[in-house]
Amino acid sequence: MNADYDALASMVAASKLYPGAVLLCPGVQDRIPGHEFTETLIQRFPFVTSRECDLSEVRLLVIVDTHQRHRLTHLEDLPDRPGLTIHIYDHHPDSEQDLAARKRVIRLWGATTSILAHRIRKRKIPLSPDEATLLGLGIYEDTGAFTFTSTTSHDLSAAAFLRASGMDLEVIAAHVHTDLNREQIRILNALISNAETRLIQGIPVTVTEIVLEDFIGDFAALVQKLLEMENLKVLFALAAMGSSVHMIARSRIPDFDVGQICASFGGGGHSFAAAASIKNSPPAEIKAELLTLLVSSVTPQMLVRRHMTSPAITIAEDASIRQAEKVMNRFGLKALPILDPGTGACVGILEQHTAARANTHNLGDQPVREYMQRGIHTLAPDSALAEAMEIILRLRQRLVPVLENGTVSGVLTRTDILRLLVDDSLHIPEATPLTREHRERNVAGLVRSHLPPDRVALLEGAGRLGDALGMAVFAVGGFVRDLLLRRTNLDIDLSVEGDGIRFAHALAETLGGRVRSHHKFKTAIVFYLNEEGQRCRLDIATARLEYYESPAALPTVELASIKMDLYRRDFTINALAIHLNEKRFGTLIDPFNGQRDLKEKTLNVIHSLSFIEDPTRILRAVRFELRFHFRISAQAERLIKNALSLNMIDKLSRARLFNEIVHVFSEREAPACIRRLENWKLLQMIHPLLKLTPAKDILIANIEEALAWYRLLYKTPQPRYWIIYLLALCADAKYSEVSAVLQRFGIPDRARTRFLSLREAARAASLRLSSLRADNRPPLSVLYDTLRSLDVEALIYLMARHEQEQDIRRDISLFLTKLKDIKADISGEDLQALHFSPGPEFGDVLTRVLHAKIDRLVSSHDEQIALAAKLLRQLGKTPSPPGEAAPGGT
């Protein structure tokens, strides 16, 4: 899709190697007109569109200039067709989305056209001048007229061959230019905006980052341009592309070797220009590791002893794989040091994914020694931290045992390195952004313009109270995120550096409210009445660090700074805070580039154990992705799939799982959320009955339509969405199967009975409606009696269930809009006023009067009174004589 000159030229070149092939052109990028050759390009060569090509006849598919599925959406399901032969020619690196092919020619040259031109020359296939010129355009464009660092000698050789074949340099000169296009300008501006410079050992080091949806082949050229434009000394640029983060580094300082830094990330290069590609890590984590490495490499006095985790959790080499995995899962570890049970010496490490894989293959009873990693690197407590960074980052050893007197005294891990940055123990130099507007953002104006006056007064009052108590106070989390998105959210959470519970009691006193506190988690809720007398609540937390003693468990809490408090959050867009103290009111705290991800509509986690520590974040990721129309980053999605492969969902308590499912099913975008979860097979992991079948998918789409209609009625209260969608996912299941699903969610007995009763009542009503429709149109009162006892959730479910039966849908619609709220205009008191004595007949008569009103047999109050009196007499009831009170009357 969106083919450039290299793609078009490669198609034409491939057609020379595959005579008779059809050139399927899906559409080209916008081009600057001005030369007859390119303005008539499509007419000069036999390109066809997908409408002109019968894809069902295709037996051989030749793909050029890409080998990623998402760039071939115009081919529909053709690449997946059984029996199809695929050949690929491309100059882009491999990725997770690569297509399988019988023949793959992947060369990391400057242009795909160069690869094909060499094969044409080798086979001595002649080219026309037009063909040579188009191929030349492809090479010149993708190599930046041979100025991009991706250019190879093969590209120059191919161009020489094309020139000898008649390539028209006048056409090349008219269309190959070194000006930046709009997308490159956007990327360059983003790199400038995100750039921060820190003075490290007297050298200004600039780090910038960007998240890109697609691979950008000339990213290195843009980094070089940034270096030159801003006259930078040392530059590191991080670009998240697909499932990898690409690091490009440049240095103008002879003594600052960027090649050595990139080598620590598995890359390499020269002292002045280097690169690395890192997989399976979020951008925030890589940036933290880079900053830590930069500082530790020039600060030799930083020792392992100060930053290691001690005591270390270990296991003996004769323990079983199953025991080792259980220990790692319990403590949330990615690896364990393995000890000789006799001597206590460290003989290796075992990684969590190795243990999980061995257990999957029924090897859980095997001893750890059979699968542990041997020949590992260890350090002494007084080793330089830079040595540990080298082992963890470049040698990719997940955990470094620290040995003292031959025994393990501690360990250092990737997580330890990230926390060094977050808790400021490394004393990372303060960053100076390149652009003035990004030095420090203050959103006080946005707070005062976007929030109601009482909420502004509340925030300002909280800041003044913090000043009086000597505490720093912040608004945090979703409130800040939604404020920056200009979305209404009056659910304010505060975080306090200090004693949050003490602060809550002081604030409640000023508001005339009361406090409910939770001392274990150092949190409190303040309940108060606002100026309009409405009940309000304010959640207050002590700035804290949470750590998980086992995956999916509730966290253990320690006091921390606001930066550490934000580090525990689920996503970067929620790791934002606003200072409320008077002197800094409105100052935005954003240590993990949440603003950038809001702008780029991307969901990123802060560290790679995020979904392991709290698997409910997987469900939250789906909610936020669909609610805000964001996208889960490739790195985050990879981490989600890893957590699911380790069955982390099974480790959640039933109550936490159900609470999060209710939130997902209560979203406006619940159908899209359910489909997203189905893509990961998550619902069936919870219970096989929840698998989204095609029939259920149609039912859920019908529910979405029915809910949209019902919302337009502005009825109160609104239905509980989660009940309707759970009914859909349990459609056509047996009573016992649905009961098992509810037990899986840990729903209490009373609530479980209510849900099952609602479901059975809906099924009975459905059968009754179908039966009524088999007869002639029944009276409206019969329809009323059939539906009046059903909750609104069951009624909407039935509307969706009977999508194809318009009469039944019309009946339910009529009940909801006209009949449901009809009441008789008379009561038992009116009957007593007629001197009838109270009795069980009153209820029956009032019901029959209501039916008559619904069936339009009576309308006015007097008509209903007359009918009631007539019915009572028919039942043998007679009024008392005038002047005599009816029995039971007043």
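How many of the residues of strand E13 (residues 335-339) are buried? Five of its five residues are buried, so E13 is mostly covered, where buried means under 20% relative accessible area, exposed over 50% and partly exposed in between (1.4 Å probe, protein chains only). Before going on, please note that this is a predicted model, in which local features need pLDDT of at least 70, side-chain atom pairs count only at pLDDT 80 or more, and totals for chains, interfaces and linings use all residues. Residues are numbered from 1 along each chain as its sequence is written, and side-chain values use heavy atoms, with hydrogens and water left out. Helices (H or I, at least four residues) and strands (E, at least two) are DSSP runs, numbered from the N terminus.

Now look at the two ways the side chains of E13 point. Ala 335, Pro 337 and Leu 339 point one way, Leu 336 and Ile 338 the other way, and all are buried.

E13 also has partners; two strands pair if DSSP finds at least two bridges between them. Strand E12 (residues 315-316) runs parallel to E13 and is joined to it by two bridges, with Ala 316 opposite Leu 339. Strand E14 (residues 346-351) pairs with E13 in the antiparallel sense over five bridges, and there Ala 335 stands opposite Glu 351. Six residues lie between E13 and E14 in this hairpin, and Gly 344 in the turn has a positive phi of about 80°.

Next, find helix H4 (residues 112-122), where eight of the 11 residues are buried. Among them are Ile 115, Leu 116 and His 118. Lys 124, which follows H4, has a positive phi near 60°.
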